[in-house]
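Subject: Handing over a structure

Dear colleague,

I am passing on a structure that you have not worked with before, and I would be glad if you could look through it alongside the notes below.

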Amino acid sequence: MFALLRVRNYRLWAAADLVSVGGTWMQVLGLNWLILTATGSAATMGLVVMLQALPVLLLGSWGGALADRLPARPFLIGFQLLRALLALALLFSFDNWIIYAVALLSGVISSFEGPMLGRFGSSMVPGEQLGSALALGSVLSSAGRIGGMALGGVLVGITGPSSLFAINAASYLAVVVALAMMRTGELRDLPVAPASSRGVVAGFRYVLSQPAVLIVLALSFVLGSLGRNYQVSMAAMVAGPLAGSSGAYGLLSTVFAVGAVAGGLLLAGSGRSTLRVLLATGFTISVLQFCSGLMPNVLGFAALILPIAAGAVIFDTVVSTRIQLDTREDMRGRVLATLGLVSSLSGMVGAPAVGWLCDTLGAREALLLAGTVTTIAAVAGAVALARVKGRSLTPSFVFLRRAAEQPA
């Protein structure tokens, strides 16, 4: 599982990413605390999240097209420096308009940075190890999140949010140093699309010509919008039918984080990022989501949250792996940009939808309904993929068939 850490470039990147993710979540915590204490408005927090996601929807396709044409490493260094400056901007003013501007500009950077990060990450490891690299990356991200939130929770009460913004700015420098220290000769060269197929429209046409990819993206959207917003449904369950305290919510959040790490470790250790694993995991976590709505107490709910969190990480990681492995490398940036669009859209649609269902039907009923819909979607996706593979004899789908027939 940790064999990839013997690759010098990946080792540098993994260490820097762990530091950077920790700093990012420290800033998220500090920013949320700042907004709530200054305005007392949860709606303002929602606006900040929307401002970060909106540019990805509007500009992500162009970011993907540029990622397929431009060298990633120098641009990634520039993006990290820009993010450091944005974090420092929060040190000088806590005005709402500064916060909104930082959120919006962060979203613009993410529009171009996300596809480049994905393409650059693919160049650091052999193609057959991409699944393990993505899984190990999920583990490091979860660990960074846990560490960043824990340390940030201590510091914000002692120093206020300013120190968190300063630490986050410094964490981006770790990524800059790692990128500068990499041995470019050891990076794998990815093919570049011919001039006739480098644009945004060509990318969309390519994705639309891949039925299996479209089915996987549709599954990702449905399960992401109705099955990934446990921060909303957990709070509703604790405050409602489970009659728990803030400590109970903290316990569930910790269990969820532990489950996420466990899921990443399990997938990284097995290295089996197949369509069979994707479909089985999607079905399992959907059924567990339905069952979680029936739990009578916090401990029972927590017992299901653990495998749900692990399964969610496995599902999302396998989606990203299959989307990359089952498409052309010269389209990698635009394919990843499309996945980013789907992820952003599912978050923007799903969180309000789950919240509305909890307020309208009740927390239990919302989980039961969402679990039913996602379970049906998982079964429908499996049937659709079986039909697509059964009808098609194109090389890409022959590869999909062989991948699906590997032992799970």
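R322 counts as buried because its relative accessibility is 6%, where buried means under 20% relative accessible area, exposed over 50% and partly exposed in between, with a 1.4 Å probe and protein chains only. Its side chain meets that of D326 in a salt bridge, at 2.7 Å from N to O, the term standing for a side-chain nitrogen of Lys or Arg within 4 Å of a carboxyl oxygen of Asp or Glu. D326 is buried as well, with a relative accessible area of 11%.

Before going further, please note that this is a predicted model, in which local features need pLDDT of at least 70 and side-chain atom pairs count only at pLDDT 80 or more, while totals for chains, interfaces and linings use all residues. Residues are numbered from 1 along each chain as its sequence is written, and side-chain values use heavy atoms, with hydrogens and water left out.

The structure holds eight salt bridges, and one of them joins the side chains of R119 and D68 at 3.3 Å, N to O. This pair links distant parts of the chain, since R119 lies in helix α4 (residues 96-124) and D68 in the loop between α2 (42-67) and α3, 51 residues apart; helices here are DSSP runs (H or I, at least four residues), numbered from the N terminus. R119 is buried at 8% relative accessibility, and D68 is buried at 1%. Another salt bridge is formed by E186 and R183, whose closest N and O atoms are 3.3 Å apart; E186 is partly exposed, with a relative accessible area of 43%, and R183 is partly exposed, with a value of 43%.

Turning to other buried positions, S344 in helix α13 (residues 332-361) has a relative accessible area of 14% and is therefore buried. Leaving aside neighbours within four places in sequence, S344 is in contact with A53, V56 and L57, contact meaning heavy atoms within 4.5 Å. T375, in helix α14 (residues 363-391), is buried at 17%, and, not counting residues up to four places away in sequence, T375 touches F283, S286 and V287. T375 and T284 are 91 residues apart in sequence, yet 8.1 Å apart in space, C-alpha to C-alpha.

By contrast, F92 in helix α3 (residues 72-92) counts as exposed because its relative accessibility is 72%.

With kind regards

Notes: Helix = DSSP H or I, 4+ residues; strand = E, 2+ residues; numbered from the N terminus.
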